[in-house]
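My notes follow in the order in which I looked things up.

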Amino acid sequence: MLTDVLAWFTRQAARLGGGAGRGSSGGGVVRAPGARGLVLDADFGSAAQWAAGRSWAYPGGGPVNPGDNKLDYLVEDPSYSRTGVFRATRRGDGRWDAGLLTTEGSDEGFMVRAGDVLETRVRLPEAVGAWPAIWTWLDGDQEIDVFEYHPDNPDLLELSNRVRGGYHYYRNPSIQPGGWVDLRVEFGARSVVWWVNGERAFADRRGVGRRWRAYLIVNLSVCAGRYHPAPRPDVSEMSYEVTHLRVHRP
């Protein structure tokens with residue numbers, strides 16, 4: 001009997017110490033040894049953690065947003081987002097079925113807060129017209145762009161604080177269509193700081209304020225041609241990949 005009890009405790013200790021689980025600050029996270037306050041380890045396949053194919057950042061929650069120069073038609077189809085590969089495919093009506101995930105409206109309803117640190121790794125798209133982004137949103141505002149990218153500007157990432165009006169065009173030879181990029185963003189109350197491939201890329205010295213909070217959005221949009229070229233007529237599919245996305249809290 002004593003042997004069985006000791007074995008049970010050994011299994012529990014191994015389970016709790018065996019790495020970060022999936023979930024949010026609501027109680028689904030098991031913190032990895034050495035991790036600094038891990039509150040979100042994104043499981044894009046989790047319907048409890050992420051809602052697919054709708055967002056109140058789009059008029060009426062979607063599925064279209066032509067006023068923002070987008071050809072998107074948001075879809076819930078898991079093959080467009082749930083694997084971490086965010087896809088868009090051309091439709092017969094001139095729009096594009098497109099993948100979007102957001103924590104808004106999910107069961108867990110995770111929100112990033114002032115002081116949080118987000119880390120992610122992405123593979124940039126290659127097709128001109130692709131518009132990938134990771135960003136935040138709440139009640140028509142509170143937008144911080146972890147990054148935006150357009151392959152027609154192949155070496156440039158757009159880093160923006162739309163809460164208090166700070167932005168930066170970060171250029172580097174390591175940024176290129178099809179390339180991998182490691183991103184880290186510190187959502188400071190007094191300054192939002194972006195790191196790209198281990199290099200401090202931009203500190204806006206504006207911050208988000210102490211009470212800021214917002215939902216996360218990960219998506220692939222398609223440009224309609226006003227600010228960046230629309231896809232060529234012979235292009236029918238595009239994608240980018242997010243291999244991980246984690247949020248740490250002090």
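I began at Gln142, which is partly exposed with a relative accessible area of 23%. For these labels I take buried as under 20% relative accessible area, exposed as over 50%, and partly exposed as in between, with a 1.4 Å probe and protein chains only. Before going on I noted that this is a predicted model, where local features need pLDDT of at least 70 and side-chain atom pairs count only at pLDDT 80 or more, while totals for chains, interfaces and linings use all residues. I also noted that residues are numbered from 1 along each chain as its sequence is written, and that side-chain values use heavy atoms, with hydrogens and water left out.

Gln142 sits in the loop between β9 and β10. Its phi is positive, about 65°, although Gln142 is not a glycine. Asp139 is in the loop between β9 (130-137) and β10 (144-149), and phi of Asp139 is also positive, near 50°. Is Asp139 buried or exposed? I found Asp139 exposed, with a relative accessible area of 70%.

**Whole chain**

I then stepped back and found one helix and 17 strands in the chain. These are DSSP runs numbered from the N terminus: helices are H or I with at least four residues, strands are E with at least two. Of the 250 residues, 50% are buried. Among contacts with a separation of 6 or more, 62% are between residues 24 or more positions apart; a contact means heavy atoms within 4.5 Å. The chain exposes about 11700 Å², and carbon and sulfur atoms supply 48% of that area. Accessible areas come from the Shrake-Rupley method with a 1.4 Å probe, and for residues only the protein chains shown count as cover.

**Loop β2 to β3**

My next stop was the loop between β2 (51-52) and β3 (72-74), where Pro63 is found. A cis peptide bond joins Gly62 and Pro63, with omega about 15°. Asp68 lies in the loop between β2 and β3 as well, and counts as partly exposed at 34% relative accessibility. I checked how far Asp68 is from Cys223: they are 155 residues apart in sequence, yet 9.0 Å apart in space, C-alpha to C-alpha.

**Cores**

Which residues touch the most other members of the largest nonpolar core? I got Phe147, Leu157 and Leu245, out of 53 residues in that core. The largest share, six residues, comes from strand β16 (residues 213-222). A nonpolar core here is a set of buried Ala, Val, Leu, Ile, Met, Phe, Trp, Tyr and Cys residues joined through side-chain atoms within 4.5 Å. In soluble globular proteins, nonpolar side chains tend to be buried together.

Leaving out residues up to four places away in sequence, Leu157 touches residues including Leu124, Phe147, His168, Ile175 and Val196. I also noted a second, separate core of eight residues, among them Tyr58, Leu100, Ala133 and Trp137.

**Strand β16**

Nine of the 10 residues of β16 are buried, so the strand is largely enclosed by the rest of the structure. I went through its neighbours, counting two strands as paired if DSSP finds at least two bridges between them. β9 pairs with β16 in the antiparallel sense over eight bridges, and Ala130 has Val222 as its bridge partner. β6 (residues 100-102) is antiparallel to β16 over three bridges, with Leu100 facing Asn219 as bridge partner. β7 (residues 112-113) pairs with β16 over two bridges, again antiparallel; here Arg113 has Arg213 as its partner.

**Rings**

I finished with the aromatic residues and found eight aromatic pairs. Rings of Phe, Tyr and Trp (its six-membered ring) pair if their centres lie within 6.5 Å; planes under 30 degrees apart count as stacked, over 60 as edge-to-face and the rest as tilted. Phe44 and Phe86 are edge-to-face, 5.6 Å centre to centre with 85° between the planes. Phe44 lies in the loop between β1 (38-41) and β2 and Phe86 in strand β4 (residues 85-90), so this pair ties together parts 42 residues apart in sequence. Phe44 counts as buried at 7% relative accessibility, and Phe86 as buried at 0%. Ring pairs link Phe44, Trp50, Phe86, Phe147 and Tyr240 into a cluster.
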